[in-house]
Amino acid sequence: MKKQIKTTEAIFPMPVLLIATFNEDGTVNVMNAAWGTMVSRDIVALNLTETHTTVQNIKARKGFVVHIADAKHVTEADWFGVVHGSNEPDKFAKSGMSYEKSVLVDAPVINELPVAMECEFMEYQDGDTGLGVIGKVLRTSVEEANMKDGKVDVDSLEAIAFDPYTHGYYKVGGRVGDAFKDGLKLK
């Protein structure tokens, strides 16, 4: 029997995405965002309000990089979510992480994170049903150590997900089935 609970952002798992941009002064800005998804194979949507420095940077620089947070960097990922860059000007430097400037967009690619999607800003959708930042993925790169037989080895990523019920982080892993195949057993 189900019990009713207070409605919250109750879809689990929620991805832990680290959105990297350059600030106006050229320093690195990284935001932890759980409200993001793919709209199509090469279009990403980040449900972020315009008040975020990250959104202002994206609009000004026309680019950003979406990283998949991993268990090895959960402390840094949380740091990027709990500290606002305007209150902590050396926020990225204090994380101990490093970056290289993308050659495709005006944004940083964080070296320590296993997956990076370099995105070109397309539009900002606002209003009650607007998606927020919409970007075209120009390139996705994955650490070679996280590849197996030419494909991403999801278990090796140790990607983390946000739990909105208890505000915890969980590792995503352990394949349980084959998409587009297992359901056919019920035919």
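Q: Which share of the contacts with a separation of 6 or more comes from residues 24 or more positions apart?
A: In this chain, residues 24 or more positions apart make up 58% of the contacts with a separation of 6 or more, where contact means heavy atoms within 4.5 Å. The model is a predicted one, in which local features need pLDDT of at least 70 and side-chain atom pairs count only at pLDDT 80 or more, while totals for chains, interfaces and linings use all residues. Residues are numbered from 1 along each chain as its sequence is written, and side-chain values use heavy atoms, with hydrogens and water left out.

Q: How many helices and strands are there?
A: The chain has four helices and 14 strands, taken as DSSP runs (H or I of at least four residues for helices, E of at least two for strands) and numbered from the N terminus.

Q: Changing topic, where is His73, and is it buried or exposed?
A: His73 lies in the loop that runs between β6 (63-68) and α2 (74-82), and His73 is buried, its relative accessible area being 13%; buried means under 20% relative accessible area, exposed over 50%, and partly exposed in between, with a 1.4 Å probe and protein chains only.

Q: Which residues does His73 contact, leaving aside neighbours within four places in sequence?
A: With those neighbours set aside, His73 is in contact with Met97, Glu112 and Leu113.

Q: And what percentage of the whole chain is buried?
A: Of its 187 residues, 39% count as buried.

Q: What does the C-alpha trace span?
A: Along the principal axes of the chain, the C-alpha trace spans about 60 × 45 × 30 Å.
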